[in-house]
Amino acid sequence: MKSAHHSELRLDRQSFLGEESDLVLRRSRVGIVGLGGGGSHIAQQLGHLGVGEFVLIDPDIVEDTNLNRLVGATQQDVANRASKVSVAERVIGGVNPSAQIWTGTSQWQMCAAALRSCDVIFGCVDSISEREQLETAARRYVIPYLDLGMDVHCVGDGFVVGGQVALSMPEGPCLRCMGIVDDRSLALEAQKYGAAGGRPQVVWPNGVLAALAVGLFVQLITPWAKIQDLPILLEYDGNAQTVLPSNKLAYLKEHLCKHFADLSSVGDPFWKPLEAWKRMAGG
Amino acid sequence: MKILFKITSRLLGEVKANLERAHPFAAERVGFLLCRPGLLREDGVVVLSHRLHNVADEDYVDDPSVGAMMGPDAIRKALQVAYNEQASMFHVHLHSHKGKPRFSRIDEKESAKFVPDFWNVRPDLPHGAIVFSNDSAYGKCWIPGQRSPEEISQFAFVGVPMRKI
């Protein structure tokens with residue numbers, strides 16, 4: 001009885017999100033790809049919010065160099081070579097034991113089928129090409145995609161911390177339309193392939209960007225504060241400690257995405273129903 | 001088996017606007033949603049709608065005993081679209097009320113007759129029938145290899161706000 005009572009009270013302070021927001025959140029299925037600096041914050045916040053179903057994908061294990069920013073990770077996880085998804089699973093389960101969590105420890109492309117039934121996908125991947133691939137996968141299954149990007153750049157004698165959160169809605173402007181993905185960046189990234197090294201990362205910008213993305217998710221699925229204008233591209237200046245809507249949005253009003261021009265590319269590219277039905281039947 | 005049906009808010013708006021238009025003699029309109037399926041990791045399929053195919057005014061049969069009766073040309077054209085565009089076809093109509101709609105007995109009877117016909121042109125694909133209300137939906141899906149249709153388990157309206165029913 002005590003635990004049931006606690007369960008009812010757990011979300012009491014967020015009832016302002018809407019009459020049935022608890023139910024809506026409990027019935028939500030969210031995919032998080034990348035459970036490192038950004039994704040671990042998102043998993044934690046969605047766990048607290050009461051999201052009921054998770055698909056967590058990350059092939060990496062926890063290392064010493066992750067402990068400066070990976071929410072929930074401990075020295076023991078490093079010693080145990082724990083996977084990042086297992087840390088997120090523990091964090092979510094700690095506040096919401098009834099959450100249903102599916103974890104994948106391969107590259108997300110190898111277990112992408114698990115993402116198809118998600119209501120929203122959070123992309124917390126490092127490379128531009130992966131972000132484009134993940135967005136394409138989300139569009140194929142008509143899933144809103146929230147993309148997070150954070151970087152620390154050396155400029156002159158100092159370091160500049162910045163990042164952005166973008167909401168890519170089916171039929172709306174995509175990451176290419178927003179200038180987050182472009183051929184030049186992809187080419188540069190391809191040239192550096194295999195020589196990435198340890199990129200500078202720190203905890204709080206990830207936290208800011210993750211919180212913004214979670215806020216957009218809540219706006220998307222609850223009646224609390226309806227999103228008024230699409231697309232959404234929020235830019236974070238970590239040095240000035242500001243978050244502003246991108247200037248690019250002025251050019252994206254009424255913009256028709258030519259990269260995903262319509263919905264005609266939805267669904268499985270290779271539909272093999274007989275194999276599929278047999279598999280479903282356990283054959 | 002879980003059957004998830006997805007439609008964007010924009011396409012749903014287009015469907016409803018189209019079905020709400022008055023017809024010269026039919027009491028209601030019908031149409032077809034072109035869809036493509038995706039296999040879910042868990043036991044199930046997601047049906048993703050991507051375009052509306054209208055039934056032309058002249059392809060209705062004047063039958064006052066029902067809200068709308070499609071003539072043979074309506075079916076023939078829909079079959080042609082299914083074949084040409086490799087589409088799963090979902091028949092759609094509208095019940096203008098709030099709350100969960102249901103099929104009428106005529107809906108049940110008629111859809112059981114014509115939906116399996118789409119397997120003549122696209123035998124591998126699931127097909128179905130859906131009734132929308134002002135704020136909800138109900139439908140059935142005919143899965144290849146299964147004799148009886150299954151109820152669509154969940155509808156997802158993708159837009160701002162997102163809604164699942």
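Pro161(B) is found in the loop between strand 10 (154-158) and strand 11 of chain B. Helices (H or I, at least four residues) and strands (E, at least two) are DSSP runs, numbered from the N terminus. A cis peptide bond joins Val160(B) and Pro161(B), with omega about 0 degrees. The model is a predicted one: local features need pLDDT of at least 70, side-chain atom pairs count only at pLDDT 80 or more, and totals for chains, interfaces and linings use all residues. Residues are numbered from 1 along each chain as its sequence is written, while chains are lettered from A and ligands numbered from 1 in the order in which they are written.

Chain A also holds a cis peptide bond, from Leu230(A) to Pro231(A), with omega near 0 degrees. Pro231(A) lies in the loop between helix 8 and strand 7 (232-237) of chain A. Most residues other than glycine have a negative phi, and most peptide bonds are trans. Arg81(A) is not a glycine, yet its phi is positive, about 55 degrees. The loop between helix 4 (75-79) and helix 5 of chain A contains Arg81(A). Arg81(A) counts as exposed because it has 9 C-beta neighbours inside 10 Å. A residue is buried if 20 or more other C-beta atoms lie within 10 Å of its own, exposed if 12 or fewer, and partly exposed in between, with C-beta atoms placed from the backbone.

In chain B, Gln86(B) has a positive phi near 50 degrees and is likewise a residue other than glycine. Gln86(B) is found in the loop between helix 2 and strand 6 of chain B. With 14 C-beta neighbours inside 10 Å, Gln86(B) counts as partly exposed. Helix 2 (residues 72-84) of chain B includes Pro72(B). Pro72(B) counts as exposed, with 9 C-beta neighbours inside 10 Å. Pro72(B) and Asn134(B) are 62 residues apart along the chain, and their C-alpha atoms are separated by 29 Å.

Chain B also contains an open sheet of nine strands. The strand order is 9-8-7-6-2-3-1-10-11, and the pairing is mixed. Strand 9 (150-151) and strand 11 (163-164) of chain B stand at the edges, each with a single partner strand, so one side of each is left without a neighbour in the sheet. Two strands pair if DSSP finds at least two bridges between them.

Strand 2 (residues 30-40) of chain B pairs with strand 6 (residues 88-94) of chain B in the antiparallel sense, over six bridges. Strand 2 of chain B also pairs with strand 3 (residues 44-54) of chain B, again in the antiparallel sense, over 10 bridges. Strands 2 and 3 of chain B form a hairpin with three residues between them. Individual partners can be named. Phe32(B) has His91(B) as its bridge partner in strand 6 of chain B. In strand 3 of chain B, Phe32(B) stands opposite His53(B). The bridge partner of Cys35(B) in strand 6 of chain B is Ser88(B).

In chain A, helix 3 (residues 37-49) and helix 5 (residues 84-95) pack at an angle of about 20 degrees, with their axes 8 Å apart. Axes are lines fitted to C-alpha atoms, for helices over the stretch in contact, and angles run from 0 to 180 degrees between N-to-C directions. That angle makes helix 3 of chain A roughly parallel to helix 5 of chain A. Angles under 35 degrees count as roughly parallel, over 145 as roughly antiparallel, 65 to 115 as roughly perpendicular and the rest as oblique.

The contact between the chains takes 27 residues from chain A and 25 residues from chain B. Two residues are in contact if their C-beta atoms, placed from the backbone, lie within 7 Å. Helix 8 (203-221) and helix 10 (273-280) of chain A each supply at least two residues of the side of chain A that touches chain B. Helix 10 of chain A gives the largest share of that side, four residues.
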